[in-house]
Amino acid sequence: MLRITIATSLVLLMIGLPCNLALSAPIDNFDSSLLLTPPPVPASQVDTFSPGPNIHFDSGAGVTSVFGDSRRVELGAFSGGVTDSNGVSIGGGIISYSSSNSGDSSLRLTYDAGAPTVDLSGEAGVMFDVITFDFANGVPLPITVTLDDGTNTAFINASASAATPPGIPFEMEFADFTNIGSVDLSAVQSIDFFFDAQVAHDFDIDSIRTFQIPEPTSIAIWAVLGMLSVAGAIRLRRRK
């Protein structure tokens, strides 16, 4: 298994692709269970309604995060017909957002360490695994991530689309955040993820965490080991 891993790293280097990123601190493993749906439909509204938002705070309920055990989950104000519905569920290592054909809402996840703050100066960015995305009419899913050190904020606007491969990590580097130079990454107080779901969007995400980019020295060492592994394999074949 080690030989396959080394050889694969070497091939990636030879064709100019980056090696696997080093996974680092967990922000949310989505192990604790939660189910949020919009408030009941007001009887006075017949055709459309916009209840919400529905906000839930988890604290000490099994939230695994470098930011502590507190998590704020907000299911945004919902709009749609009285027969439409949406909701978000957490558990089993996955967070799922779903909406019916005419339903429109949003999802916000906020992690606030308070004091002491979190040192992310050694991290390259944040990422999560895209499990599934169901985009109605091919409309992308806008995503905004915001870092806050208690004084200044930095943010990045990204989007996932129907072209986003399922099961592939969705990565956002801190270097690409707007105003990142004003944020003290060694003392981050909170991080916020806003998913501006569009009509009839559905998506599943597995594990939000930070990542590191291997140092050039480490990459060079893997390259040398990879070449030695390939050379050894060639010798063994010739002997046979």
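Predicted model: local features only at pLDDT ≥ 70, side-chain atom pairs only at ≥ 80, totals over all residues.

Visitor: How many helices and strands does the protein have?

Guide: There are two helices and 15 strands in the protein.

Visitor: And what share of the residues is buried?

Guide: Of the 240 residues, 40% are buried. The accessible surface comes to about 12200 Å², and carbon and sulfur atoms hold 56% of that surface.

Visitor: What part of the contacts with a separation of 6 or more joins residues 24 or more positions apart?

Guide: Such residues account for 75% of those contacts.

Visitor: Let us turn to the aromatic residues. How many aromatic pairs are found in the whole structure?

Guide: A search of the whole structure gives six aromatic pairs. One of them joins Y111 and F193: the ring centres are 6.3 Å apart and the planes stand at 80°, so this pair is edge-to-face.

Visitor: Where do Y111 and F193 lie?

Guide: Y111 belongs to strand 9 (residues 107-112) and F193 to strand 14 (residues 190-195), so the pair ties together parts that are 82 residues apart in sequence.

Visitor: Is Y111 buried or exposed? And what about F193?

Guide: Y111 is buried, because its relative accessible area is 0% and the cut-off for buried is under 20%. F193 also has 0% relative accessibility and counts as buried.

Visitor: What kind of pair do F195 and F203 make, then?

Guide: Their ring centres are 5.6 Å apart and their planes are at 35°, so the pair is tilted. The angle falls between the cut-offs, since stacked requires under 30 degrees and edge-to-face over 60. F195 is buried at 1% relative accessible area, and F203 is buried at 2%.

Visitor: Which residues form an aromatic cluster?

Guide: Y97, F128, F170, F195 and F203 form one aromatic cluster.

Visitor: Which residues have the most contacts inside the largest nonpolar core?

Guide: They are L109, F193 and F195, in a core of 43 residues.

Visitor: What is F195 in contact with, leaving aside its neighbours within four places in sequence?

Guide: F195 is in contact with S106, L107, L109, F128, L141, P142, I143, F203 and I205.

Visitor: You mention S106. Where is its place?

Guide: S106 sits in the loop between strand 8 (94-99) and strand 9. With a relative accessible area of 12%, S106 is buried. Leaving aside neighbours within four places in sequence, the contacts of S106 are E74, L75, G76, Y97, F194, F195, D196 and A197.

Visitor: E74 is on that list. In which strand does E74 lie?

Guide: E74 lies in strand 5 (residues 70-75). E74 counts as buried, at 15% relative accessibility.

Visitor: With which side chain does the side chain of E74 make a polar contact?

Guide: The partner is the side chain of R72, at 2.8 Å.

Visitor: A change of topic: where does F174 lie?

Guide: F174 is in the loop between strand 13 (169-173) and strand 14. At 2% relative accessibility, F174 counts as buried.

Visitor: What does F174 touch, not counting residues up to four places away in sequence?

Guide: F174 touches L120, E123, A124, G125, V126, L147, I180 and L185.

Visitor: And what separates the C-alpha atoms of F174 and T210?

Guide: Those C-alpha atoms are separated by 9.9 Å, and the two residues are 36 residues apart along the chain.

How values were computed. Residues numbered from 1 in each chain as written. Heavy atoms only, no water. Phe/Tyr/Trp six-rings, centres within 6.5 Å; stacked < 30°, edge-to-face > 60°. Helix = DSSP H or I, 4+ residues; strand = E, 2+ residues; numbered from the N terminus. Buried < 20%, exposed > 50% of the residue type's maximum accessible area, 1.4 Å probe, protein only. Core = buried A, V, L, I, M, F, W, Y, C linked by side-chain atoms within 4.5 Å. Contact = heavy atoms within 4.5 Å. Polar contact = N/O pair within 3.5 Å; in protein donor to acceptor, adjacent residues only side chain to side chain. Areas by Shrake-Rupley, 256 points an atom, 1.4 Å probe, with all protein chains shown as cover.
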